[in-house]
Amino acid sequence: MLSHPWSAGVARLKALLGEARRCLIVSHVNPDGDAVGSSLAAWGYLRAAFPAMEVLVAFPNRFPDFLSWIEGADRAVSYLDSREAVHTYLQGCDLLLCLDFNDLARLEALGEALTACAAPRVLIDHHLRRGEEFDLVLSDPSASSTSELLYRVIVALEGKPLLSKGIAEALYTGLMTDTGSFSFSVNTPDTFRMAADLMELGIDKNEVAARVYDSYSESRMRLLGYCLQSQMRLLPERGAAYISLSREEMDSFNFQPGDTEGFVNYPLSIRGITLSALLTEATDKTHIRVSLRSKGKDISVNDMARKHFNGGGHFNAAGGKYFDTMENCKAYLEKIWNESC
Ligand SMILES: [Mn+2]
């Protein structure tokens, strides 16, 4: 926990919130459960606590369908679909709340739109290496999720959690998805206390899990089967494995955004595998998206993503890009993995 800077940061945030009339909440491209959960929880909280404030949530692109049940999801916009509306909104915007990323590049075109906006930028985030593009940073890389950090911020602002069931469901979604249902990135009893607090607000955690996880389309399930059967390559001496998918392969399974979410974790369930990657070809085929995962305290995929793939993230979970063909990306990945043996 960051004690002193944290309390000073919360006091500063309180002052900014007290003055703000129009707030834009943003999170990263290809929004996941934590991005969407924390953004919609912040939206619900600000609407309840500051009824006079205008609040809008904008993501760089659409979030997957399995998150669409979260309260407020129908009011959030995607910059890809609503570019003009976001630009108009930004004109009178006096607060930018940035959640679950630490580099405006993670917002792609939406990030460029934000650079033209003079409103103070508040960052609440749990990724390593905080960005310099923000006016106020509430960051804790040891936190399980941005949703957990946001919960701590709200409790600090309010003295006690004045949250609705809808907000609690949004926060729980972020907590559950960023920790693989409490399997990793949970290092303190406080995370379970937060989960208990959320349950006391009336959420049905089994129902939340079912909505998020039991929501595969048939084609997504078959795509997973194809990945594991045909596209997973093991490097047993290295304790590593990766899955690669071309656009054609994805298209042949009627690929929808979010369909490969979580696939990168499957190889880690093989005994002896502690390093995993998922390589997916970008829609415009200009690059390969690289997702990296590791287990334990030996391999920093954050370092790997920063050094080799122009990206970053967490110690055990990170991502980046490789601007070349899939074949070259695979060769490069195997080369750097074998060199770091
Ligand atoms: Mn997160």
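User: Which residues is leucine 171 in contact with, leaving aside its neighbours within four places in sequence?

Analyst: This is a predicted model, in which local features need pLDDT of at least 70, side-chain atom pairs count only at pLDDT 80 or more, and totals for chains, interfaces and linings use all residues. Residues are numbered from 1 along each chain as its sequence is written. Two residues are in contact if their C-beta atoms, placed from the backbone, lie within 7 Å. With those neighbours left aside, the contacts of leucine 171 are Gly37, Ala41, Ser147, Leu150, Tyr151 and Leu198.

User: Which element gives the most residues to the largest nonpolar core?

Analyst: A nonpolar core is a set of buried Ala, Val, Leu, Ile, Met, Phe, Trp, Tyr and Cys residues joined through C-beta atoms within 7 Å; buried means 20 or more other C-beta atoms within 10 Å of the residue's own, exposed means 12 or fewer, and partly exposed lies in between, with C-beta atoms placed from the backbone. The largest such core has 62 residues, and Ile25, Leu150 and Leu171 have the most contacts inside it. Helices (H or I, at least four residues) and strands (E, at least two) are DSSP runs numbered from the N terminus. With eight residues, the element that gives the most to this core is helix 2.

User: What is the orientation of helix 2 and helix 5 to each other?

Analyst: Axes are lines fitted to C-alpha atoms, for helices over the stretch in contact, and angles run from 0 to 180 degrees between N-to-C directions. Helix 2 (residues 33–49) and helix 5 (residues 146–158) have axes 8 Å apart at an angle of about 20°. Angles under 35 degrees count as roughly parallel, over 145 as roughly antiparallel, 65 to 115 as roughly perpendicular and the rest as oblique. The two helices are therefore roughly parallel.

User: What is the handedness of the crossing of helix 2 and helix 5?

Analyst: A crossing is left-handed if the near helix is turned anticlockwise from the far one by less than a right angle, and right-handed if clockwise. For helix 2 and helix 5, the crossing is right-handed.

User: How many charged residues are there in the contact of helix 2 with helix 5?

Analyst: Asp34, Gly37, Ser38, Ala41, Ala42 and Tyr45 of helix 2 meet Thr146, Ser147, Leu150 and Ile154 of helix 5. Ala, Val, Leu, Ile, Met, Phe, Trp, Tyr, Cys and Pro count as nonpolar, Asp, Glu, Lys and Arg as charged, and the others, Gly among them, as polar. This contact has five nonpolar and four polar residues, and the number of charged ones is one.

User: Which residues of helix 6 make the contact with helix 5?

Analyst: The axes of helix 5 and helix 6 (residues 165–178) come within 7 Å and cross at roughly 140°. The pair is therefore oblique. Helix 5 brings Thr146, Ser147, Glu148, Leu150 and Tyr151 to the contact, and helix 6 brings Leu171, Gly174 and Leu175.

User: What is the distance between the axes of helix 6 and helix 8?

Analyst: Glu169, Tyr172, Thr173, Met176 and Thr177 of helix 6 meet Lys205, Val208, Ala209 and Val212 of helix 8. By class, these residues divide into five nonpolar, two polar and two charged. The crossing is right-handed, and helix 6 packs against helix 8 (residues 205–213) at an angle of about 65°, with an axis separation of 10 Å.

User: Is tyrosine 79 buried or exposed?

Analyst: Tyrosine 79 lies in the loop between strand 3 (77–78) and helix 3 (83–91). Not counting residues up to four places away in sequence, tyrosine 79 touches Ala58, Phe59, Pro60, Val86, Ala109 and Leu110. Because 24 other C-beta atoms lie within 10 Å, tyrosine 79 is buried.

User: How far apart in space are alanine 105 and valine 29, C-alpha to C-alpha?

Analyst: Alanine 105 is in the loop between strand 4 (95–99) and helix 4 (109–115). Alanine 105 is partly exposed, with 15 other C-beta atoms within 10 Å. Alanine 105 and valine 29 are 76 residues apart in sequence, and their C-alpha separation is 9.3 Å.

User: Near what value is phi of asparagine 30?

Analyst: Asparagine 30 is in the loop between strand 1 (22–27) and helix 2 and is partly exposed, with 19 other C-beta atoms within 10 Å. Asparagine 30 is a residue other than glycine with a positive phi, near 50°.
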